[in-house]
Amino acid sequence: MKITSAKTHSDPNVTHVLRTAPSRWDRQIVADLIAEMQERLSENLDSVPAMRSALAVAGYRALRGRIENAVKDKQGTDALRSMVHAMRSFALGSPGLAAASFRNPVLDSQEWATAGKDLADTVFKVFEGVGITGYHAKHAVRILRSLVRGFVLNEMVSAAAHPLEFQKSYNCAVEMFIAGLPTLTQTHFEAEAYDTQDTLRRAYLV
């Protein structure tokens, strides 16, 4: 698949999407992905899987950078709170890359798997700071991922944009999430095989 310049939007299909997208989020997602592909025109991305992998890796790395910057010099619940807000901020600011990063790493792609492990290391380290580790951290990541995605998707499909109201609701959800974390260590989970390294490679759990 030959990727050509998207600056002029000469592709009639792209132009149609940009003109007829029903919401600002559709337009932003398309624009975000076009911009990212534009950055990668010099790379050897000659297939859809190659482009999918490149976008996912870019998304994982960008999100990791956003989280690391947000939690710098913070500890405990302050770091966790900052991470959760950074995740929403990333998804709203770069919806195309965020959508690409929703995919679990394909482990036969070393670059993708490495990017996923690096992101997971960062996220798990923040949870370790509040005493959530191992098997419990696995569930915490899954719950957090669902929380962030749910809010972002609801905001994207909202007929009328009310960013301040969404922010207030998200603030409440973040505090409820943090307050509820001790439940993970108090709840009896069915025993299952748990491989820390495998979990780290699969940073985001379905």
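This is a predicted model: local features need pLDDT of at least 70, side-chain atom pairs count only at pLDDT 80 or more; totals for chains, interfaces and linings use all residues.
**Exercise 1.** Determine which helices the buried residues of H8 pack against, and on which side of H8 these residues lie.

*Solution.* Next, identify the residues concerned: Phe 166, Tyr 170, Ala 173, Val 174, Phe 177 and Ile 178 are buried in H8. They cover an arc of only 130 degrees around the axis and therefore lie on the same side of H8. Finally, consider the face turned away from that buried side, where the exposed residues Leu 164, Lys 168, Met 176 and Ala 179 are found.

**Exercise 2.** Classify the packing of H4 and H8 from the angle between them.

*Solution.* The two helices pack at an angle of about 140 degrees, and their axes are 11 Å apart. Because of this angle, H4 is oblique to H8. The crossing in which H4 passes H8 is right-handed. On the H4 side, the residues making the contact include Leu 80, Val 84 and Arg 88; on the H8 side, they include Phe 166, Tyr 170 and Val 174.

**Exercise 3.** Decide whether Arg 61 is buried, partly exposed or exposed, and find its contacts beyond its neighbours within four places in sequence.

*Solution.* Arg 61 belongs to helix H3 (residues 48-71). Its relative accessibility is 49%, so Arg 61 counts as partly exposed; exposed would require over 50%. With neighbours within four places in sequence left aside, Arg 61 is in contact with Glu 111 and Ala 115.

Notes:
Residues are numbered from 1 along each chain as its sequence is written. Side-chain values use heavy atoms; hydrogens and water are left out. Buried means under 20% relative accessible area, exposed over 50%, partly exposed in between (1.4 Å probe, protein chains only). Helices (H or I, at least four residues) and strands (E, at least two) are DSSP runs, numbered from the N terminus. The arc is that of the directions from the helix axis to the C-beta atoms. Contact means heavy atoms within 4.5 Å. Axes are lines fitted to C-alpha atoms, for helices over the stretch in contact, and angles run from 0 to 180 degrees between N-to-C directions. Angles under 35 degrees count as roughly parallel, over 145 as roughly antiparallel, 65 to 115 as roughly perpendicular and the rest as oblique. A crossing is left-handed if the near helix is turned anticlockwise from the far one by less than a right angle, and right-handed if clockwise.
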